[in-house]
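Subject: Structure handover

Hello,

Here is the structure I said I would pass on. My notes on it follow below.

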Amino acid sequence: MTTATDRPSKTRTQPKVRQIGARTRAQRKEAIALVIPALLPIILFSVIPLVSGVAIGFTDATLQRNAEISFNGLENYIDLADNRRFWGSFGIGLIWSASVALLTLVCAMCLALLLNSNLRLKGLTRVLALIPWAMPPVVIAIVWRMIYNPNSGPLNGVLGWFGIPGVNWLGDFSTALPAVIVVGVWSGIPQTTVLLLAGMQSISAEQHEAAAVDGAGVFRRFWHVTLPALRPVIFAVTSLDFIWQFNSFGLIYVLTEGGPGGQTMIPPLFTYLEAFRNREIGAASAMGNVLVVAILVILSLYLINQFRQNKAVRA
């Protein structure tokens, strides 16, 4: 049963609730107005092309003039299941991505340990280590094509000083993929080094000092102190680097265009050639859709692991 003293309090709280609700709605409108300019480029240049590519994958679209486009259902995907060249490029892409990611991690770890030590001219050394990061992939590929040149390249010139015959690095079946992997590692070392170096500098010096007092050497301090602290960084960097390399295109395209004989043909490059050399846009879009699904699977595994790690830290 309500009393007379309760009624004024209810009437006073109602205007306050309305004011708070109106203020919240105004804040939401303001937030939406601020977000829309940032969302428009994403929608125009990412979402719409992605949706269009998925839709074209279910058609027989070509680049021929005045060609009629018709819906063909899953025909492109059925043909793709029997396309041994595409799945072969898929395997080459996995070898390329895994090799570059792991070798980049090892080389960047060594460089980060060197830069984290009491090194003379540390600032200059860090600048020199970051030079590949400032170069576009196309420029990197052109420079390394000159280095690998079988006739006038400096690499074969150095081998000639020791009496070793020159090698056609990018034209030989046995050396093309390893040579391209070296270029990928060289171009990927700087950003991985920066992230690992940041992780090392976040480790407290007291942990290393305590391990040194207990008699641990340099290797044991690295194995029991540095490496466990860097595990989240290592997993994140390696996973993202694998995804980036699996999506790479410009570096290998300028270096070899997928040759010789498809030895360096990775899926994005195969898809590009199918679309613009063979003019089969529908089939190429189906290949792109398969790549998107594969990348989403890899990315989901990475995000699940990150979620578990964050949940374990909070617990």
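How far apart are the mean positions of the positive and negative charges of the protein? The answer is 18 Å, for 24 positive and 15 negative charges. Please keep in mind that this is a predicted model.

Overall fold

The C-alpha trace spans about 105 × 75 × 30 Å along the principal axes. Of the 315 residues, 32% count as buried. The accessible surface is about 20,000 Å², and carbon and sulfur atoms hold 66% of that area. Among contacts with a separation of 6 or more, 65% are between residues 24 or more positions apart.

Helix 9

Asp241 sits in helix 9, which covers residues 218-246. This residue is buried and has no salt bridge. Its nearest side chain of opposite charge is that of Arg231, 19 Å away. Apart from neighbours within four places in sequence, Asp241 is in contact with Val100, Ala101 and Thr104.

The loop between helix 10 (250-255) and helix 11 contains Pro260, which is joined to Gly259 by a cis peptide bond with omega of about -5°. Glu257 lies in the loop between helix 10 and helix 11 as well. Glu257 is not a glycine, yet its phi is positive, at about 55°. With a relative accessibility of 39%, Glu257 counts as partly exposed.

Helix 11 spans residues 267-276, and eight of its 10 residues are buried, so the helix is largely enclosed by the rest of the structure. The buried residues are Pro267, Pro268, Leu269, Phe270, Thr271, Leu273, Glu274 and Ala275.

After that, the loop between helix 11 and helix 12 (281-314) holds Arg279. Arg279 also has a positive phi, near 65°, in a residue other than glycine. Its relative accessible area of 44% makes Arg279 partly exposed.

Regards

How values were computed: Residues are numbered from 1 along each chain as its sequence is written. This is a predicted model: local features need pLDDT of at least 70, side-chain atom pairs count only at pLDDT 80 or more; totals for chains, interfaces and linings use all residues. Side-chain values use heavy atoms; hydrogens and water are left out. Buried means under 20% relative accessible area, exposed over 50%, partly exposed in between (1.4 Å probe, protein chains only). Helices (H or I, at least four residues) and strands (E, at least two) are DSSP runs, numbered from the N terminus. Contact means heavy atoms within 4.5 Å. Accessible areas come from the Shrake-Rupley method with a 1.4 Å probe; for residues, only the protein chains shown count as cover. Lys and Arg count as positive and Asp and Glu as negative; His and the chain ends are not counted. The place of a charge is taken as NZ of Lys, CZ of Arg, CG of Asp or CD of Glu. A salt bridge is a side-chain nitrogen of Lys or Arg within 4 Å of a carboxyl oxygen of Asp or Glu.
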